[in-house]
Amino acid sequence: MESLLTRLRSGEVLVADGAMGTLLFERGLERGDSPEGLNLTRPEVLEEVARLYFDAGAQIVQTNTFGGSPLKLAMYNLDGQTEEINARAAQAVRRAVGEKAYVSGSCGPTGRILKPYGDTEPEDVRAAFERQMKALLEAGVDLLCVETMTDLAEARMAVEAARSLSKEIPVVATMTFDPTPRGFFTVMGTDIPTAARELAAAGADILGSNCGNGIEQMIRIALEFKEHSTLPVIIQSNAGIPVHEDGETVYPEGPEFMAEKARELLVAGVAIIGGCCGTTPDHICALRKAVAAANGPAPG
Amino acid sequence: MEIVKRIASELELGEEEKVAELTRAAIQEGLPAREILDDGLIAGMNVVGAKFRAHEIFLPEVLLAAKAMYAGLDELKPLLLKEKVPPRGKVVIGTVQGDLHDIGKNLVGIMLRGAGFEIIDLGKDVSPERFVEAAQESGATVIGMSALLTTTMPVMKEVVAMLKREGLANRIRTVVGGAPVSAEYAREIGADAYAYDGANAVEQVQALLG
């Protein structure tokens, strides 16, 4: 498989996968259980979900390790099994996609608030990411994805941890922004120019945003990243902001709507488009078609 | 500047030690506990809440202000007890079972404490039974529940149903909030109120206890 960064540099746009949680709940994940606990008990479910996204057209498929840092796993007393939990997730996605898609090692926030605002030592956070990422790398992931970050210090440490383990591995870093009257900021107060500068300095190869917004706000976020960075930009949008309908909570943006709007992401020059909360294999399928139309005839 | 106003302005800046020091000084001066609380600590936290809501400041500033507020409250606690200043009310809060997101809930706790309520924070991943038991044991009159995942929202419904079943719904009121939660959802499950952010949670609780 050609290297991810080479393909992006050539101007090719790639499609990443969509939401994981909903599919896991449909397959027996119980409320209150660690989503990563499944990696030990039912790895076949991970393989099935990865295959759904791969078959839908995802070229980058994430591991079920969003909460796979030992600091986060400790909330379920699973931190002792950090290595196995991360390795099994990477192996499951590899079994599903072979060498036909990139396996992306997902690394979400530790859930801790760093000193001086909270009680967690920054060094503990760095060590936690290193331990998780080492396990993912040893299990053969093709890239590491630091995602859904709101604290720039934590995001930076995660990227630095990745970089300290491997000079070559592509590292994605995404943060979650809220629209405010003064522009986009994370809840911890980081704006896009600062995120773009600092994450690049920490060693990220691909920058962008996931979660928190529907695709229309994400277009504005993408434009701002492009304005402040020359690195490839990744956007993983929610399927809108959930609304309540007939006793069900639904995400309002359907596959066709997202795919239509995704054209604007392509015009903005986004390099990787995928989904976050509320998106399904159908969304990814529609996104892949929109991207294929823009990329021209695609091999396979 | 009047000492209670200085307490408020140092609190806004998140100056933990200065707030503690000024609170001690205000007590030394013989000011009533209620005045130090209302015009100093609560007034300061109100400004912080309003600025956060307007996106003028972000979570780090709120967390530092909250630390300063707690430092002041610790100094003031003996005097509040001595002068028998009652809390505005007791509120049990928690993030519902299965939900490990708790920054939103923590903010609600900070804002409610900052508004003079006594908070019993059950943390995250709280079962319906624990919410109800904790409210009964502590004599709290409000249960505040937060969820950030659509899959955990039904726990809120279970708490409301449990309170009705056990005949407690008129004594213990419920407020729900969190990203996927809406006013319509609150109405549908029979919760007493919906709060869209931490500052609004204070308004909703005040209205319920009005």
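P116 of chain A sits in the loop between β3 and α7 of chain A; helices (H or I, at least four residues) and strands (E, at least two) are DSSP runs, numbered from the N terminus. The peptide bond that joins K115(A) to P116(A) is cis, with omega near 5 degrees. In general, most peptide bonds are trans, and most residues other than glycine have a negative phi.

A word on the source. This is a predicted model, in which local features need pLDDT of at least 70 and side-chain atom pairs count only at pLDDT 80 or more, while totals for chains, interfaces and linings use all residues. Residues are numbered from 1 along each chain as its sequence is written, with chains lettered from A and ligands numbered from 1 in the order in which they are written.

Now two residues with positive phi. C211(A), which is not glycine, has phi near 65 degrees. C211(A) lies in the loop between β8 (206-210) and α10 (215-228) of chain A. C211(A) is buried, with 22 other C-beta atoms within 10 Å. Buried means that 20 or more other C-beta atoms lie within 10 Å of the residue's own, exposed means 12 or fewer, and partly exposed is in between, with C-beta atoms placed from the backbone. In chain B, D125(B) has a positive phi near 60 degrees. The loop that holds D125(B) runs between β2 (118-121) and α6 (128-138) of chain B, and D125(B) is buried, with 20 other C-beta atoms within 10 Å.

Next, chain A as a whole. Chain A has twelve helices and twelve strands. Its radius of gyration is 18 Å, close to the 19 Å that the globule rule gives for 300 residues, so chain A is as compact as a globular protein of that length. That radius is taken over C-alpha atoms, and the rule is 2.2 Å times the number of residues to the power 0.38. Of the 300 residues in chain A, 55% are buried.

One helix of chain A, α8 (residues 152-165), has 14 residues and reaches 20 Å from its first C-alpha to its last, close to the 20 Å expected at 1.5 Å a residue. The expected span is 1.5 Å times one less than the number of residues. Among the buried residues of α8(A) are L152(A), E154(A) and R156(A). What covers the buried residues of α8(A) includes β3 (102-107), α7 (122-138) and β4 (143-149) of chain A. Here, contact means C-beta atoms, placed from the backbone, within 7 Å.

On to the core. Which residues have the most contacts inside the largest nonpolar core? They are V146(A) and I273(A), in a core of 170 residues. Such a core is a set of buried Ala, Val, Leu, Ile, Met, Phe, Trp, Tyr and Cys residues joined through C-beta atoms within 7 Å. Leaving aside its neighbours within four places in sequence, I273(A) is in contact with residues including V13(A), I235(A) and L287(A).

Last, where the chains meet. The contact takes 19 residues from chain A and 19 residues from chain B. On the side of chain B that touches chain A, α4(B) gives the largest share, four residues. By class, that side of chain B has nine nonpolar, seven polar and three charged residues. Nonpolar covers Ala, Val, Leu, Ile, Met, Phe, Trp, Tyr, Cys and Pro; charged covers Asp, Glu, Lys and Arg; the others, Gly among them, count as polar.

Note on methods
Two residues are in contact if their C-beta atoms, placed from the backbone, lie within 7 Å.
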